[in-house]
Each structure stands twice: as structure tokens, then as C-alpha cells.
Amino acid sequence: MSTRTARLAQLHRERPRRPFVTRSVVALLAIVVFSWVAGDFAPERFFSERQQGNAARFLTELQPWSLQQPDAPQDFLTRAQMASQWFGRMWQEAGAEAVASTLAISLVAILLAGLWGSLLSLPAARSFATSEPFMSSGRPAPRSVCWLWRSVYLGTRGFLTLLRALPEYIWAFLLLALLGPSVWPMILALALHNTGILGKLTAEVVENVDTRAPAALRGLGAGRLPIVVAALVPMSLPRFLLYFFYRWETCVRESTVLGMLGMASLGFRIVEARAGNAYDEMMFFVICGMLLVLLGDLMSALVRHFVRRA
Amino acid sequence: MTLSHGGFELQNATVLYGAVAALQDVSLSVASGESVALVGPSGAGKTSLLRLLNGAVVPQLGTVEVAGASLAELSSGDLRRLRSRIGMVPQDLRLVPNLRVSQNVMSGRLGQLSLWQSARLFLKPAAAELEDVHQLLERVGIADQMYQRVDRLSGGQAQRVAIARALHQSPRMLLADEPVASVDPTRAAALLELLTSVCAEEGLTLVVSLHSPELARRHFSRLVGLRGGRIAFDSASRDVTDQQLTDLYELEADREL
Amino acid sequence: MSFERRPGPGAGSASGLKPGSRLGSLGTAGVVLGALLLAGIWAAWHLRLEPGQLLPGRGGWQLAADFFGSALRPAWQFEGSFQGSGSSSLPAQALRAAGTTVIFAATSLSLALIGGLLLGFLSSFSLMRGRFLRLVVAPARLLANLLRSVHELIWAVLLLAAFGLGHLVAVIAIALPYAGTLAKIFADMMDEAPDDAADALEMAGASPVQRFVFGILPRALPDMTAYTFYRFECALRSSAVLGFFGFPTLGYYIAASFENLYYGEVWTYLYVLLALILAVDWWSGRLRQELVS
């Protein structure tokens with residue numbers, strides 16, 4: 001073995017590695033392989049003749065009822081005209097109201113989440129939840145005070161983590177039983193989950209804020225409230241708004257389904273139509289949901305662009 | 001692609017960026033195996049000239065001939081084959097920071113490999129390939145960093161990786177844009193020594209842009225002075241006078257006084 | 001940093017805001033906040049919101065007390081004769097449900113990853129270069145957006161209606177919108193990855209595909225990996241919720257026990273779900289730290 005080969009082997013052995021990354025990727029792959037093996041998927045069921053017949057029938061039933069009839073006109077233009085008339089009628093009868101309610105639910109929810117999240121972000125920010133915010137030096141606080149702040153910080157973080165760990169749908173399910181039927185369970189479910197997320201993200205924004213301005217205010221003897229109002233809010237607002245609108249996108253998406261639990265909105269209309277085997281109406285509300293989500297994405301992207309440019 | 005020779009021929013080349021002329025009516029001939037330094041103040045058009053030579057920039061007027069072929073007339077396949085034999089060390093290095101040194105160096109050879117071969121090169125390089133890379137890294141003085149990630153290297157070390165990547169192409173010509181801009185003076189001299197000696201040994205054509213006329217005079221036999229997108233002088237470095245260099249670097253404002 | 005923010009690529013630069021950026025004048029923020037306030041007022045009016053509805057009725061209070069009282073006393077044994085899929089003990093059943101939740105999440109993520117990568121490549125301007133290939137990008141992005149715009153639960157309703165209750169239905173219901181999301185985010189990450197090294201490779205004669213594979217992809221890969229792990233966490237949540245539609249994941253048992261008023265059992269399942277999600281949250285957070293630092 002030449003000296004170069006030996007040296008190369010040594011260099012290769014001693015190469016810097018990131019075992020956690022490698023092991024994580026291997027572990028996830030292993031979980032995937034195990035899941036495919038352990039799961040009970042029976043894919044052949046999908047390809048049975050009966051199954052394909054069912055699926056084909058299902059597809060034709062997605063069309064408006066009048067077009068499914070054997071005596072329905074065959075030429076494309078007439079069919080398209082009939083379909084659009086039907087869509088227009090459906091929209092006036094139920095679609096517009098369902099879309100508006102879904103949108104309104106997402107708006108109230110994200111506004112609550114933004115309010116609660118930004119309030120909770122302060123005790124969840126390491127730089128704020130100390131006895132001397134934004135000042136590294138200064139007299140050391142008594143031990144008990146330090147412990148107090150530390151537990152406030154950890155408690156808030158833990159609370160936010162709990163809020164965001166549970167899916168919106170489960171929150172809504174539990175709240176519906178507790179509060180009874182109204183739109184509040186849907187709103188609160190979305191708001192709680194997103195409070196967890198926005199609170200954590202905003203806490204990170206506050207922690208990453210340039211500390212010179214708040215430290216200077218603190219040096220002038222300003223209390224916590226003036227620091228928040230005069231330094232933290234203006235400095236973290238743009239990024240907060242970006243996150244806020246990102247989360248609004250997902251709120252719109254989620255609010256299209258929460259109604260499935262039985263509360264007025266698109267999701268409710270979808271499961272109601274399905275239960276009545278009115279697949280054409282189900283498809284209509286699904287399309288309404290798609291349009292709403294796409295519209296929400298578009299608006300959110302526009303506002304974020306606007307905020308970023310400012 | 002075997003090249004009959006490694007010469008460059010620029011004729012009346014003009015490069016415009018919008019309304020601003022980066023190069024105006026530049027003609028330059030570099031013979032195969034020759035070493036040339038481009039000198040001049042920043043904004044003189046050195047980078048644009050180098051980028052003309054490998055077809056990264058296309059002149060609005062005039063022609064560029066490399067190895068006897070006019071770049072404008074090459075098919076995209078031929079242009080790629082030609083480029084695979086022109087090593088380029090860009091001023092900002094343009095390495096992949098989160099890949100290892102060896103992978104960055106090996107990527108120099110992509111132009112000579114099929115997609116399949118290059119995938120194998122990255123996933124499981126042959127022992128001979130690795131030894132080539134190690135030898136090359138030894139030559140530029142960073143053999144021990146072979147498996148280090150590029151973003152963990154110092155500026156000077158990264159500079160050497162970029163040079164090794166260009167040399168790994170087994171080029172006929174080597175273009176280097178300010179290869180010592182981010183290196184301290186002693187290392188700068190050593191790096192230039194390395195470049196010129198490698199090119200001399202292997203008969204490569206070398207065109208280097210340098211901000212410092214002193215370094216250029218010491219390491220190169222031919223200097224091309226650029227100012228305001230035009231060639232101010234083009235002569236053997238021993239014939240370049242101090243006055244010529246002073247004129248070259250003089251500020252516009254001073255000249256008007 | 002973690003991923004709930006729907007990150008733009010490149011971690012800190014995600015949102016594209018400059019580090020010290022402020023709203024040029026508070027005017028922009030004012031307009032945005034004012035518009036939000038108006039939107040909120042409209043929404044509250046439209047929904048006829050009354051804070052009074054927030055107070056549970058007398059039954060609600062009793063239920064809340066019972067339910068939250070059980071939080072500290074999760075059950076270790078079945079509280080009724082309901083035995084679900086016939087496990088011998090409640091912990092065994094909870095673990096089995098957690099296992100099914102993971103199985104649905106992992107299989108759907110693997111499908112979504114394949115689809116997301118393919119569709120992401122097609123939606124990426126940095127791969128689809130050239131006069132004709134560029135034309136692929138718009139339809140690919142449209143397809144990704146359409147997949148994404150239908151929530152996984154709606155996909156589940158549609159697929160259940162078409163194919164009936166098979167486990168593969170749940171997997172595909174999650175995989176379809178996740179493929180769209182992954183495609184969109186991956187394409188953004190690849191397009192926002194710096195292309196300087198890729199250009200250097202091109203100048204050394206690399207083909208357009210080589211330029212992408214060896215110049216762009218390695219730079220986007222850490223972000224893409226971290227994001228995939230974050231989506232695994234999301235897939236766990238989606239998979240658990242699909243239980244409400246009859247699939248044997250944690251959601252199924254939460255709903256069943258809740259409706260039988262076995263609150264202790266509900267909390268057992270909730271705690272298992274929380275543990276699962278927090279573990280993966282920690283995992284993906286730590287991985288992200290290592291990948292992006």
C-alpha cells in the first residue's frame with residue numbers, strides 16, 4: 001500500500017461527520033420501510049374490477065345532477081352552460097354564505113391567535129423574561145427572583161408547546177363538547193393551536209431583535225411597558241406580520257374542514273352533501289374550498305410582499 | 001475534446017452593460033502556453049475581459065476566438081466541451097460551501113463526464129480519482145483538508161480549493177480573477193508562484209487579473225494594462241514604466257487637475 | 001428555529017427580510033393593522049359572535065369539570081366494556097394506536113416525498129431552464145397548488161366516497177396535499193439557493209442537469225431535509241385526526257372514548273399523542289439546528 005493510499009484512508013477515517021444527521025435520516029427511512037411492511041394496506045383492493053367500477057361511477061356522480069341524466073344534452077357548450085348555471089344557483093343558495101363564514105372564522109381565529117401569541121411571546125422570550133431585560137450587566141438579582149423568571153419563561157414555553165402539539169381538529173372536537181354548538185369551538189381551536197405557533201415564533205423574533213435600542217431605554221430607567229411599546233413592537237412588527245399571514249394561510253385551509261364536526265362552514269356542507277349522497281353538491285363545496293384557499297394564499301402572498309418591501 | 005492549441009484571440013470586442021461600456025474595442029492576442037497578467041484599477045474591465053474568454057459574456061461587437069474557434073459560432077455542445085478545458089478561478093470562488101473539499105475539486109471534471117458517471121463520482125469515487133485529487137491538493141498545499149467542509153476553511157484555503165478545482169479539469173487554459181485578493185502578501189506571492197509554475201510545467205495558457213502591479217511585474221513576463229474598458233498598454237513587464245503604471249491607477253479627478 | 005413559519009428557504013433569511021429591517025414608516029404597518037381590524041369587525045358581525053356563547057351551559061360546566069378533572073387521572077385500564085380492536089389492556093391499545101398513527105404518517109410522507117420531489121423539480125426554475133422547459137413550471141406549480149388547496153380531510157372524504165374504507169385511502173389522502181406542499185416549498189428552496197457555484201460549474205462545461213444536481217441541489221438539501229422532518233410531525237397530527245373518519249389511529253380512540261364519557265381513557269390517548277408529537281418536535285428541532293448551523 002503506498003503512503004498516499006494509507007494517508008487517504010486515514011483522512012477518510014478522520015473526516016468530520018455529523019452522526020446525528022446521518023442517524024436521523026437512516027432512522028426515518030427505517031420507520032418508513034417498517035411502516036410499509038407492518039401496515040395493512042392491501043393495495044390490490046384498489047385494482048379489483050368492482051372497485052374500479054365504483055370509482056368510475058363516483059366520478060360521473062361528481063357532475064351536476066342534470067348532466068348525469070341519460071337524456072342530458074351531449075354537446076360540450078350546452079353542458080358547460082348548464083353546469084355554470086347550476087354553479088351560479090348553488091353559489092347564491094349556499095356557497096357564498098359557507099365561504100364567507102369559513103373566511104370569517106379564519107379571520108377571527110388568526111386575530112385572536114395573533115393577540116394572544118404576541119402577548120405570550122414576551123414571557124416566552126429569554127431576553128425579556130429576566131430580572132434585568134436587555135441588560136447583561138447590572139446588579140445581580142436575588143436568587144429567588146431569578147428562579148421566578150426562569151420558571152415564568154419555562155412555563156410559558158411549555159404552555160405554548162402544549163397548545164401547538166394538539167391538532168386543531170382535536171381541539172375543536174373537545175371544545176365543541178364543552179361549549180356546545182356555535183362557531184366558537186372552531187374559532188378557539190384554530191386560535192389555540194396558532195397561539196402556540198405564533199407565540200413561539202414571535203418569542204424568537206423578540207430574542208433576535210437588536211438589543212441596543214431596548215438596552216438604551218433600559219439605561220434611561222424605562223420600565224418594561226415603555227420598552228415594549230417604544231422598542232420591541234416597532235422592531236419586531238414586520239417579521240411578526242410575515243408569520244401572521246403565513247399562519248393565516250393555514251388557518252383558512254383548516255377552517256374549511258373544522259365544520260365537518262357539525263358547525264356551519266364549508267366542511268359541514270361537504271359532509272352533509274356526502275351523507276345525502278349528493279356528490280355533485282359535495283364537489284361544488286370542495287371547489288369552493290379550493291378557491292377560498294387559493295385566494296387566501298394569494299392575498300397572504302401579496303400582503304407579505306407589501307410588508308417585506310416596506 | 002483535444003484542442004490544437006490554447007490561444008485566445010480578441011478582436012475589437014465591445015461589452016456593454018446597459019448604457020455603460022465595460023470594454024470598448026479591445027483587441028488582444030494570447031499565444032498558447034503564454035502567461036499574461038491583466039492589471040488596472042477596479043472597474044477597468046478586467047473581470048469582463050476574463051469572462052469574454054470563456055464565453056460567460058458575449059461581446060456586442062467584435063469576435064472572440066478560443067483555440068482557433070469563434071465562440072459565437074460554436075454549438076452549445078461544442079461550447080461546453082471547450083469550456084471543460086478552460087479552468088476558471090472566479091474572484092468570489094463560487095464553491096459549494098456545504099460540500100467537502102474533495103467533492104468541490106471533483107466537480108471540476110463534470111464537463112468531461114456523463115450524468116451517470118458524475119453521480120458515481122460523487123457517491124463512490126474510484127480510488128484513482130481520490131488519489132488524483134489528493135495529489136492536486138498536496139500541490140496547492142491543503143491535502144490535509146481533503147474531507148473538510150468548504151465553509152470551515154479560511155479564505156486562503158478556500159482560494160486554493162478553487163484553484164485545485166480548475167486544475168482538476170486538466171485544462172489547456174487557466175483564467176484567474178484576482179486570485180490573491182483575499183490573501184495576505186506573503187501567501188499571495190506563494191499562490192502566484194504556484195499558478196505560474198504549474199502552468200509553465202504543463203504548458204497551460206494563463207491569464208490572471210491582478211489589482212497589484214508590483215505582484216504582476218514580479219510574476220509575469222507580459223502585462224496588459226486596462227483602464228476605463230480600453231487597453232492602455234500591452235508589453236513585456238520589464239518594458240512597463242513606472243509612469244505608465246502611475247497613469248493607469250491615477251484617479252479621474254486627479255487627471256483633470 | 002423551527003418550521004411552523006412555513007419557511008422560505010435558507011433559515012434566517014427565510015422570510016427575505018433584511019436583519020435590521022423595519023417598516024420604512026409605520027404607515028405600512030398601520031394600513032395592514034387597520035385592514036385587519038376592519039376584517040375582524042366584519043367577521044365578528046358576519047358570524048354574529050357573542051362572547052356570551054363562550055360560557056358553557058350548566059351541563060357544559062359539569063362536563064368541563066369531569067373532563068379536566070380526569071386530566072390528572074388518566075386511565076390505565078378500560079373504563080367500560082368497549083375494547084376497540086381487542087387489545088388486552090388500555091396501554092397496549094394506546095401504543096398500538098400510536099403505532100398505526102406512525103405507520104400512516106410515515107407511509108404517506110414517503111409517497112408525498114416522491115411526488116413532492118418530482119413535482120418540485122418540475123416547478124423549479126433552476127432546473128427547468130431553457131426556452132421550452134420553462135413552460136413546464138407554470139402547470140407544475142398550478143398542479144402543486146391544486147393538490148395543496150384541498151385539505152387532507154377533504155381528500156379523505158372524497159377518497160372514502162370513491163373507494164371505501166381502506167387504509168391506503170388514508171395514506172393517499174395525506175400524501176396528496178403533502179406532495180403539493182413539499183413541491184411548492186422544495187421549489188422555493190431550490191430557486192432561492194445561491195447559484196454562484198452552479199454557474200462556476202456551467203463555466204467548466206457542466207450540462208444544465210449537472211449544474212443543478214451538483215451546484216444547486218447540495219445547497220438546498222439541508223433545508224429540504226429539515227423541512228421533510230417538520231412535515232413528518234405534521235403528518236403525525238393529520239394521521240391522528242384521520243381517526244375521526246374511522247381509521248384506527250389515535251383520533252379514533254379519542255373520539256370513541258370521549259363519546260362514551262370515558263374521560264380517563266381520553267386523557268391516556270391524548271397523553272400518548274402529545275408524547276409522540278413532542279418527541280418528533282424535539283427530533284426535528286434538533287436536526288434542524290445541526291443542519292442549518
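Chain C of this predicted model has a mean pLDDT of 85, and 88% of its residues reach 70 or more. The exception I wish to point out is the stretch of residues 1–23 of chain C, over which pLDDT stays under 50. Where pLDDT is low, the predicted coordinates should not be read in detail. For the complex, the predictor gives an ipTM of 0.91, together with a pTM of 0.90.

Let me turn to a helix pair within chain C. Helix 5, residues 152–163, and helix 6, residues 167–192, have axes that come within 8 Å of each other, and these axes cross at roughly 140°. Because angles over 145 degrees would count as roughly antiparallel, and this one is roughly 140°, helix 5 of chain C is classed as oblique to helix 6 of chain C. The crossing of the two helices is right-handed.

Which residues make the contact? On helix 5 of chain C they are E152(C), W155(C), A156(C), L159(C), L160(C) and F163(C). Helix 6 of chain C contributes V169(C), A170(C), I172(C), A173(C), I174(C), L176(C) and P177(C). By class, 12 residues of this contact are nonpolar, one is charged and none is polar.

I move next to the interface between chains C and B. Here 17 residues of chain C are in contact with 22 residues of chain B. On the chain C side, helix 7 (196–203) and helix 8 (208–242) each supply at least two residues. Helix 8 of chain C gives the most, with seven residues. The side of chain C that touches chain B comprises 10 nonpolar, four polar and three charged residues.

Finally, chain B itself. How is chain B divided? Domain 1 covers 1–85 + 171–257, and domain 2 covers 95–169. The C-alpha centres of these two domains of chain B lie 25 Å apart. Between them, 14 residues of domain 1 of chain B are in contact with 10 residues of domain 2 of chain B.

On the domain 1 side of that contact, helix 2 (76–83) and helix 7 (185–202) of chain B each supply at least two residues. Which helix gives the most to this side of domain 1 of chain B? That is helix 7 of chain B, with five residues. Sorted by class, the side of domain 1 of chain B that touches domain 2 of chain B has eight nonpolar, two polar and four charged residues.

Key:
Residues are numbered from 1 along each chain as its sequence is written. Chains are lettered from A and ligands numbered from 1 in the order in which they are written. This is a predicted model: local features need pLDDT of at least 70, side-chain atom pairs count only at pLDDT 80 or more; totals for chains, interfaces and linings use all residues. Axes are lines fitted to C-alpha atoms, for helices over the stretch in contact, and angles run from 0 to 180 degrees between N-to-C directions. Helices (H or I, at least four residues) and strands (E, at least two) are DSSP runs, numbered from the N terminus. Angles under 35 degrees count as roughly parallel, over 145 as roughly antiparallel, 65 to 115 as roughly perpendicular and the rest as oblique. A crossing is left-handed if the near helix is turned anticlockwise from the far one by less than a right angle, and right-handed if clockwise. Two residues are in contact if their C-beta atoms, placed from the backbone, lie within 7 Å. Ala, Val, Leu, Ile, Met, Phe, Trp, Tyr, Cys and Pro count as nonpolar, Asp, Glu, Lys and Arg as charged, and the others, Gly among them, as polar. Domain bounds come from an automatic or database domain assignment. pLDDT is the predictor's confidence in each residue, from 0 to 100.
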